[in-house]
Structure formats: C-alpha cells, structure tokens
Amino acid sequence: MIEHDVVIIGAGLAGMRCALEASKELDVAVLTKVYPSRSHSGAAQGGIAASLGNSEPDSWEEHMYDTVKGGDFLNDQDAVEEYVKAAPRIIYELEHMGCVFSRTADGKIAQRSFGGHSKPRACFSADRTGHAILHALHEQLMKNEKSVKIYNEWYMHSLIVDGDRCNGVVVSNIQTGEVEVIRAKAVVFCTGGYGRVFKITSNAFASTADGVIAAFEVGIPLEDPEFVQFHPSGLFRQGILFSEAARGEGAYLLNDKGERFMENYAPSRMELAPRDIVSRAEQSEIDAGRGVNGEDCINLDLRHLGEARIMERLPQIRQLAIDFLGIDCITDPIPIQPTAHYSMGGIPVDKFCHVILDAEGTKMNGFFAAGECACVSVHGGNRLGTNSLLDAVVFGERAGKSVLEYARGKDFGNVNEGQEKAKVLEKFEDVFQRDGSESYKDIRDDMKEIMMSHCGVFRDAEKLKVCMDTLKELQVRFKKGKVTDKGKIFNTEIYEIMELGNMLRMAEVIAEAALYRQESRGGHSRTDFPKRDDKKFLHHSMVYDSPDGFVIKTKPVVITKYPVTERTY
Amino acid sequence: MKFALFTGCVAKGATRELMLSTTKAAEGLGFEFVEMKSASCCGAGVVSEKSPLLADALNARSFSIAEKQGLDIVTICSTCQGTLKKTEAHLNESKEYKEKVNDILEDGGHQYNGTTRIKHFANILATEEGMARLKSRIKRPLTGLKVAAFYGCYVLRPSENSDFENPDNPTGMEDIFAALGATPVYYPSRIKCCGFPIVMMNKDASLGMSGNALVDAIDNGADVVATGCPLCHLSLDSYQPEIESLQKKNQSIPILHLPQLVALALGYTPTQLGMDSHIVSTLKINQILSNSASSSH
Amino acid sequence: MATFRIKRFNPEKQPEPYFEEFELDIPDGATLLDCMNEIKWTLDGSLSYRMSCRSAICGSCAVKANGHALLACQRQGEHLLDNDDTITLEPLGNMKPVKDLVVDFTPFWDKINKVKPYLEPKDEAPAKERHQSQEEFLIIDDASTCIMCGACYSDCNTLEVDDNFLGPAALAKAQRFVGDSRDSKTLQRVQDLSEPGGIWDCTHCAECVERCPKPAKPFDRIKEIMTVALDNGVHNNNGARHALSFTNSVKRSGNLNENRIPVESMGIFNISGLLSLIPIGLRMLLKGKVPPVIHHSIDEVDDVKRIFKELDQ
Ligand SMILES: Cc1cc2nc3c(=O)[nH]c(=O)nc-3n(C[C@H](O)[C@H](O)[C@H](O)COP(=O)(O)OP(=O)(O)OC[C@H]3O[C@@H](n4cnc5c(N)ncnc54)[C@H](O)[C@@H]3O)c2cc1C
Ligand code: SF4
Ligand code: SF4
Ligand code: SF4
Ligand code: SF4
Ligand code: FES
C-alpha cells in the first residue's frame, strides 16, 4: 500500500496549485491520468480575470457584480466575494513564480476586455493563457520535486471512505496496468470538467467525469449539474474552440440562406452579443432547418474582410481551420456550431473546498475538491469567460491550505487494502469478460448524440424524458460491448470503457437535474419554461444517488451584497 | 544564363576541386558565372551565434553586390544557400529590420532592395529549363552509376526557406542524376545531417552521423554519394577513414561534389575535375563508367 | 480508400515490432487523429496511442507519420497520403516504445528537469507584479509556447547518436529562462548549458525547427542561448572558441581561414584535442587539400571591417 499525507487527483491548474501549497509541510502526491502539462487547463486561450486595474480603474466589487450577474444570481455571494478579492494576489503570485504574461507599455501585466466583464480585466499570455499558467505551475512542481511525488499516467478509480471520513483512493498505473491502493490523510479531487458527455464539445478526451462520479458513488451529491455552458463557436463536428477574435474582427454569422440572423436575436450587438445568447440563436436557426446545407452548423464568414486583413490580423486562426477542418477562411466560410464548454456544477464544497454532503454543510472529512470538478458555487448558472482559470487557481490554493490545516497531526484512517483493491480488480475483470459484439464507439456516440440533441442548448420535459430512457438503454448496452484488448500494458481501450461508464452515469445525473429545474437560467434553457423563476428555483439542486434512483434536494443560494435582479445586457 | 557566383570560403580553400569543377560544369552548360570576389563569408550560421545582426548585415551586403550587377546569386554550398536564405527571410520579415540593416550598409555604398534571387546550383539545374539544357549537353551519360544524394540540411530546412518542392522528400538531386544517365539511389539518410558542425565539439557524435548516412547509402546499393555541400563533403570524405561504423564493415565509398558529377557527364575528365584530390579514391567511378561503356558497345 | 501502415508493438505478446495495414475511407475534414480513432474504435481496439486535447495544445499525440514527427491532431489525414494513398505511422524516435505508438517519455522529462526549468528570481517578490517590458516579453514568448510534445526530440540528429545531448525541447525550455529579464541565474545557466551535451552539441540540422508545431522552434532558441553565452564571456569550450575564431577570421579577411579555425577551436592548451586533428590534417595535406598557406582576403575587405566596427564586434 502506498502512503502519502495528501493525495491530489488531477494536475491541471487546480491540482498543481493545491500541491504547491500542501507540500509546504506535508508529503504530497499528485496523480494524473495524463502528464501534468497535458491537462486540459492548457487549452484555455482567452485569459484569467482579476481586477488589477492595469489598463482601466477596476475594483473587486465590479468583478463581483459582473460575476453574479453573469451567473444569473445563482452564485453563492460569500464565496464570490472572497474569490474576486483573492484574484489580484493570486495573479501576482503566478507572476512571481515566473508565469509569462503579455505586458502593457509600462511593463505591467496587460489586461483586455472579455464578454460579460464590464472592465478589461482578463490577464493573458498572448493566446495561450491556460498553457502559460499550467507550465509555470508545472515548473514549480519540478523545482519542488523532492516534496511532491507525481504519478504520471495513473488513473484514479474510486474513493475509499469509512463512514464520514475519506481515507484514500484506489488507482492503477496505465503503463503497467497494476492496481494500487493509496492511503492518505486527505484526498483532493481536481479532476476537471465533463464536457465529453456531449457530442460537440471543446473539452479534451480526458474530461470525462471520473472524479465527479467517483464521489457520487460513495454517496456524495452533485450540485447544479444541469448547468452546462455552450460556447457559440465550436468548429463543426470537432467542437474545438474557434476564437472569438474572428467575430471581434467583424466576421458574420450566416444561416443557410446567407442571412445575418443575429438581426433577429440581438439587433444592437449582432455577432458580438454574449455567448449564451449567440449559442441559443445559432441553435434556433439550426432547429428551424436553417443550418447550412441542412446540417447542424451555421457559417462564420470572414471572406468580406479580405485576404490582406485576415493574413494580418488572424493568421493563426486561419491556420487552425485549415489544420483541423481543411477549410481556408479566405475563400470559404467556416462552419461552426455551439459546443459544450464548461461545467458549472460538480462536487459540492464549502468556501474552504471541503466537500459537503448536504444543505447544512455536513463535511465528508478528509475529502476536498477544487477547480472545474467542484461547485463552490462562484459561477452560479453561467460562468463568465476568464473566471474559471481564476477559480481553479484560487480554490486550488485554498484547497491546499485547508488540507494542510486538516491533515496536520492527523493519523491515517483504516483501510482494508485487499478488499479495496479487489473491488477495482473486479471492475477490470467485469470488463474483460464482456463478450458482446457492439462497439463501444456506437454506445458512446449514441450517448453523446442524445445528450446534445435532447439535453443540450435547449431542453424540454418531453425531450429530457426521451433522453433518460435512451440513457437507460445505453446502460444495458454498455454491459455487453465488444472488448478487444485484454492486455495490461498501456491498454487505452479499457480506460476508455471505464470513462464511458462514468460519463453515462453523469449524463443521467445531468438529465435528471435538467428535468427537475423548470425554469430557464444561465446555461440551462427550457423551452417549456422560458423564464427564470426565482420563486421556485432560486436554489442549488443537489442530486443524490439512492437504491430507488436519484433523489433531488435543494440548497439555498447565499445572497449577501447584490440582490437578485433581471439579467439584461 | 548569367549568375553571380557566391563561391563560399571552402570552395576556395579545402575543397578547391569544387571551385574547379563548378567552373567546368558552368562552361559545359553554357552558364556564365561571375565570381563575387568582394562578397564576404556567409557566416555559416556561426557568425550569427556571435551576433545575428552582424551576420545579416554581412549577407545583405553580398546581396547588394549582386543587385548592382543585376544578377541572381548562385551558390555551390548548401550551408551558404541556407544561411543566405535565412538572412533574406529576416530582412523580409520586418521593414524596420531591413531599414536598420540598410543603415549599416549605407556607408559602404550598399543597399539591399530584395531584387536578387538566391539559388543553389542544384536548384538551377532542377528547373525545366536547366534540365533541358543539361540533357542537350551530355556527352558521356553516367550509365550504370548508382548515385546517392546527400542534400545537406541547410538547403532543406527550415522548409520555408528551401527551393526544393518537398523538403521532407525532395527529388531535385535525384532528378538531376537521372538526367545525367545515372541511377539515383533513394535512402532515408539522404536528408539527414552529416554532423560537420560539431566535429570540433563532439567528434564521436559527428562521425556517428556521417557513418550512419554512409552505411545507409552503401546498404541501399550506392556506388558513390554526391553532395551539394562542401562541408558535407569534408565530413563524408575527409573524415571517412576515421568513421568507425565503416571501418568495422571494411567499406568505403567515394564522395563527389554535385558539379563534379555533372561535369563528368558533360565530358570532362576526372583529373580536370580534381577528383584525384579526394581522400577516398574515386577510381571506382571510372571503372564502373568504363565497364558500362564497353558493355554497351 | 487509404491504407494506414501502422507499426505495432506489444511486448506482452511479441518482442519485436511489426507493421500492420488498415484500410479506411478518410472522412471529410478528418484529422490524422480522427483517422486513428476511427481505426481504434471500428477496426482494432487494441491500438494504443496518446491523445487528449485534439487541438494541438496538450502535446500528447505526437507520432511519426511518413517518417517525420508531427501532432496527429493538427494535420488533415488527406494531406498526409503519399503517392500510394498510404500513411505510415510509427512511434516517435529517440525514445523507447512502450506499446504501439506510445513511447517512454522519461528521458525527455529528465532532461527538461536538468536545465532547472523554473524562474530563479533576482529579488524578493514585490507587492505587485515584477515589471517586464514588451520587448523583454518577446524574448521569451516563442520558447514559452512549447507544449512538450517531443516531436523535436524524436527527429533530432544529434540525439540519434548521442543520448547525452540535452536535446531541442530542454534547450528551448532553457532559453525561456536564460532570456527572462526576471531571472538571476543567466550566467550560471549559460555556463551549465555550454558543458558537453549542451548547446554546442547541436548539429544545426534544424529538424527541430521543421517538426515543432509551435513557434518554440528549438534551434532558433539554441542560437539565442549561444549568443548570450558568448556575450557573457563563457568562452572556455570548443563551441565558443569555434564561433569566436570563425567570426574573427571573417573580420580579418572577409572569409574563413580554415587553417586556424580547427586549432583555435580546440584551444591551444588542449593537447589531446589538437593531437586528434593530426590524422585529418595529414590526410588532407597529402592530397593537397589544405587551404592556401597565405590566406587571401576578399576584395573590399575594408567595408567588411567597417561593418564589424559599426556593430562593435
Ligand atoms: C477550449 C477551452 C478554453 C477555455 N478557455 C478559458 C479561458 O480563456 N479562461 C478561463 O478562465 N477558462 C477557460 N476555460 C475553462 C478552464 O480551462 C477550465 O475550467 C480549467 O482549466 C479547469 O482546470 P482544472 O484544474 O479544474 O482541471 P483540468 O485542467 O481539466 O485538469 C484535470 C486533471 O484531472 C486529471 N484527471 C481527471 N480524471 C482523472 C482520473 N480518473 N485519474 C487521474 N487523473 C484524472 C487529469 O489528468 C488532469 O490532470 C476553457 C476551457 C476550454 C475547454
Ligand atoms: S557556409 Fe562555409 S563555405 Fe559557405 S561562405 Fe560560409 S563558411 Fe564559407
Ligand atoms: S549536412 Fe552537415 S555540413 Fe551539410 S549542410 Fe547539413 S550540417 Fe551542413
Ligand atoms: S538543430 Fe540541433 S537540436 Fe535541433 S534537431 Fe538538429 S541537432 Fe537537434
Ligand atoms: S519545442 Fe516544439 S516540438 Fe519540441 S517539444 Fe516543444 S513544442 Fe514540441
Ligand atoms: S491531442 Fe493534444 S496535441 Fe494533439
């Protein structure tokens, strides 16, 4: 049995920031299924928010208000306040660690405007902010290699809990296939989002809900899972994010008839309206049969900008479409569609990142979570661009501090190694014994398809019920798919199957909560309940597992500074 | 066809047979090569280690010399070619930089305008026009000779500075060999590095590289390796007796400069082309050629 | 119909790698990674490779296609077909294969670690950010785009013959700190990097520039480190001596004095190094291959000298 004071699952921004903090005193392990630098945080381009006021005067209050308004007032304002107040310090610290930031003329960290923020407060590193921070944190871990042990390419299967206390995790080494138990005084989950549940997503292949479902399986509820953000410019079929800079430069959104349809949805802001509005407009056009060539996409047209301007202002973006789609935006429009981008919901935690079990804040001792997999909730029903990198770093650090506080002087809990290991080995055996003929690709594709069409940008009760029925069938089909690789060494197939199992479960949870929430708020849009309903639904949803199926409870929203008002732009 | 010939230093020094054979090849092809006697060394990517600006200024000065004559530049060294193209790319990347360099040149009465093209000898031949001319002037086809090309990194990479169509899988040199009547030998190492730049710093690694390439050429049936780079030639020829992997196999292979190979087919004798000055004997080539000549009679 | 020739390897089953062919209709707009997934998910689930972001930023999916390293997610499958409508896939080079297209990155990361890849700041952290000008940012901008994909490492010519070489990615990472205006260890860094296995063992092949999917372009970064090393007076090695001797020769005569460079590069006190020059020198002498003893200058050498002077060189 491996032992560490603290084991952190995930090496994105949240996990690594947490490790740096916790390793100041404790023996820390970071376990990740991809190398740290390959974590999905690296894909973030736009920026990280903080009211530094480097290009225009700014304040934490304004940052807080924008965040709460953007979140459609479902945010817990006590947490938001601490979060936006911590932001400048957190950015300065990153800078001190060596993170590369673009600069103003006088050498300060440059800041630019970003959708939903009333001030230019996105700190950035050219077009690769997440990458810059991810690598800066990784550098610090390499510097501290003696106090932090990194388990590269290890997979976390399940949590070990004993009553209200978490004592470790069961993991396996992807390179060798060996299953191991890690006993720890505290476990921190920083496992990221789960956009992979949807057909079209900007998320990496690794964003598969493993952590969230591992928590769910030991009785921890999931908070606000129905809130999923769809970004308006995913490349057709691929879902990869196509920078908003194209629209900023004056690109048009056109439907099949060549109409600039934003005229009908946001006549004043047109293509530059907020993300969720553009996403819904696009989806409405597609649903009305006005997708380009009848397909699920609309055109992003840059041709009128001319070759010279495109080559001067958007050369990389042009290359991206050539590489990923084989389309040159100088001569052809780029097909795009809404893409599942961010998970507002997740494992419920208090302001200190300690995982909680209910509305009263009862703790699961020794279990913490931070980053996209957690729900604090600072983002409410919709998170603003550049706020999630901040979330990952602020709460990553906090989780580190909390864990220090918690684990200092604690003993290890009881772990029955053999039994825990056996449970996971059984999972492997169960998969290896399947002798079905259906390919897991089909099962996965069907899940992604139904989630996109029935639980995507627009939802209604009828669609959601169909969705849930389909997911049930998929659970049955999942038990008898075709398994080809029964080897131990770098068997990526078996891990993909386990991830699919987690995603199927997650899909059910999302659909269940989406059906429950009979209103439209933030990223959750019900065509049968098109209005926000503060009377009935100004609370978080908490989905529990039970032998009789899901149970939904509620948790109040913490409102401190900004009273609930209508959200208009 | 008239060009300004950028000889490079090595062709005037350790590999004078390159200069000799270039003159002959040009003569045979009816090219007029005007030697750029006041051009400086290209810097070989080494002067730029000391100061990138210095290297670019020196090369821009050379460009200006050709511009004044209204001629395109021909190089006979892969390294010269790549290094000059690199400067050209820097100069064209930004107006400010070009102006900065021109300011430096001004006092010497030079200015870079960007009107001169820079072509490696192989790239002049590999054009349609070059090939036609080549074919029409061949006096002694190199029938039966299996020739392996060694391109030299600098003419291939970075590919945006290369004149070869597909620098990862170029065919220009092989096309020339075929036009000369020889049989081109394709082998993976033909686009690799010979290791010359580190022969002073890490001799084992350097000779390891040239050795791997030569073994690869031999294993693929080559009789001779032809290169467009005199530095490659030094590595592959002058150092060949010290290359362990070849010694172990008890093998050797003659190395020709591209102009030597071309001029051979144009009817010049090996001695006229300085082929007797190589470290690895080139006699084998004569034998193969005379064998196939007698067998075709 | 396209053919994918894939190098398979599974040490659990068979100690030697072999090629296996798969036929696939490349879907419209499919990247190479999409094609690999299609093969894995519909033809053979046991095919292993790494992937994650599929947007050319995580650096997982580098493989060799038709002999050259690239990111599978960054290229259209269609664009990689050779004349026989075939794409040949192999694992990255210069690293040990683990299974199929997966290689062991341990030496790669060990070398990254060796260059002390973290900021060693000049002073105590100020209350706010350290200042850095836009020009200073640009010096480290390119190097900081590296995604650690290993494509450069795979195709590096020096690494192929010398494991000890730090390799392009680690050296590009090193430049990220050598060039950082906030770092205090510039001199120490360039000294370390001038040791055997460092910058001067790079053979200029520019494979890394060609393979790098990002602006990191290691060879360009390596040359930047060389310039800093020379500027900082780190001259006590063959590489530095070579560069200086070379440059001085051009300064004196406008061209290269090949008789002096080898000797000056070895350093006149480096007896064994100098002795190692004797065989080649003798060989060349016997063939009349030595450069003229009296070294001739180019015409108008004064203008060249003027340029050196103007640039303080
Ligand atoms: C394309 C894109 C662009 C974005 N742009 C921005 C932006 O500009 N600004 C912004 O603020 N936000 C942006 N976001 C959102 C933001 O990037 C993420 O929310 C944030 O990076 C999440 O960080 P994290 O540390 O929580 O998780 P991640 O970085 O996703 O890391 C998850 C970690 O968990 C590990 N892991 C997961 N499951 C397991 C398991 N079973 N076993 C072992 N390890 C496991 C993974 O290996 C990984 O190391 C963007 C998101 C996307 C997809
Ligand atoms: S590359 Fe060599 S031969 Fe060419 S000019 Fe420069 S030093 Fe001289
Ligand atoms: S192969 Fe060697 S000598 Fe020839 S160009 Fe490349 S580095 Fe230079
Ligand atoms: S240029 Fe240098 S570092 Fe780059 S691949 Fe060649 S030898 Fe390796
Ligand atoms: S330098 Fe380029 S090729 Fe090398 S690891 Fe970094 S990104 Fe990949
Ligand atoms: S999958 Fe991330 S770089 Fe290709």
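**View 1. The shell around ligand 4.** In this predicted model, α8 and α9 of chain C each supply at least two residues of the shell around ligand 4. Helices (H or I, at least four residues) are DSSP runs numbered from the N terminus. The ligand has 13 residues around it, and the closest are C156(C), C202(C), C205(C), A206(C) and C208(C); a residue is near a molecule if one of its heavy atoms lies within 4 Å of it. The shell holds 9 nonpolar, 3 polar and 1 charged residues. Here Ala, Val, Leu, Ile, Met, Phe, Trp, Tyr, Cys and Pro count as nonpolar, Asp, Glu, Lys and Arg as charged, and the others, Gly among them, as polar.

**View 2. The interface of chain C and chain B.** Contact (heavy atoms within 4.5 Å) joins 62 residues of chain C to 67 residues of chain B. H204(C), R283(C) and K289(C) supply 12% of the area that chain C buries against chain B, more than any other three residues. Buried area is the accessible area (1.4 Å probe) that two parts lose on being put together, summed over both.

**View 3. A salt bridge between the chains.** The side chains of K86(B) and D220(C) form a salt bridge at 3.4 Å, N to O. The term requires a side-chain nitrogen of Lys or Arg within 4 Å of a carboxyl oxygen of Asp or Glu. Between chain C and chain B the count is 8 salt bridges.

**Notes.** Residues are numbered from 1 along each chain as its sequence is written, chains are lettered from A and ligands numbered from 1 in the order in which they are written. Local features need pLDDT of at least 70, side-chain atom pairs count only at pLDDT 80 or more, and totals for chains, interfaces and linings use all residues, while side-chain values use heavy atoms, with hydrogens and water left out.
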